[in-house]
Amino acid sequence: MSTLKETLTNDLKTALKSQDKELTAAIRMLISAIQYGQTAAKPVPEFDSVLGYRKQLADSLEMFPKNGEKYIQVQKELEIVDRYLPKPPTDAELNDIISINLAKIQPQEKPNIGIIIKEIKNKFPTCDAKAAMALIQKAISEKK
């Protein structure tokens, strides 16, 4: 099985041959993020480098006006980055993990949301923590 960097390098060659400027630029940024993570004082795994770059893009979306040129450009780049990440979990998958963890808690105990979020993040690294938090809070309120 090839590494993420090898996959990106092969896709970069294909994008260069097809002269797809957006794809080429996005893949180059991903490779750059991976190389930066590998050469840092404390090396970062490839996957975490790509996740970090994706988070930067998502945060930068908030700076641009919706439907503006830069907004659309960043959104397209996010879609390209998402191709190289595992699919995020469905609400049903998240609810399964949440219900299993809430079942372990005694009725008089207060649920530790941080532990549940940590378990979700370990199983699904691309999961949106805010969405997971909302589902956890909903499940807790229904349990009461």
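The model is predicted; local features need pLDDT of at least 70, side-chain atom pairs count only at pLDDT 80 or more, and totals for chains, interfaces and linings use all residues. Residues are numbered from 1 along each chain as its sequence is written, and side-chain values use heavy atoms, with hydrogens and water left out.

## Overall form

The chain contains seven helices and zero strands, where helices (H or I, at least four residues) and strands (E, at least two) are DSSP runs numbered from the N terminus. Along the sequence, the pattern reads α-α-α-α-α-α-α. The radius of gyration is 19 Å, well over the 15 Å that the globule rule gives for 144 residues, so the chain is more spread out than a compact globule. This radius is taken over C-alpha atoms, and the rule is 2.2 Å times the number of residues to the power 0.38. Taken along the principal axes, the box filled by the C-alpha atoms is roughly 60 × 35 × 30 Å.

Of the 144 residues, 32% count as buried; buried means under 20% relative accessible area, exposed over 50%, and partly exposed in between (1.4 Å probe, protein chains only). Contact means heavy atoms within 4.5 Å. Among contacts between residues at least 6 apart in sequence, 53% join residues at least 24 apart.

The charges of the chain are 22 positive and 19 negative, and their mean positions are 3 Å apart. Lys and Arg count as positive and Asp and Glu as negative, while His and the chain ends are not counted. Each charge is placed at NZ of Lys, CZ of Arg, CG of Asp or CD of Glu.

I80 belongs to helix α4 (residues 69-82). With a relative accessible area of 6%, I80 is buried. Leaving aside neighbours within four places in sequence, I80 is in contact with E22, L23 and A26. L23 and I80 are 57 residues apart along the chain, yet their C-alpha atoms are separated by 7.0 Å.

Most residues other than glycine have a negative phi. Q19, in the loop between α1 (4-18) and α2 (21-39), and N67, in the loop between α3 (46-61) and α4, have positive values. Both residues count as exposed.

| Residue | Phi | Relative accessibility |
|---|---|---|
| Q19 | Q19: near 55° | Q19: 68% |
| N67 | N67: near 65° | N67: 66% |
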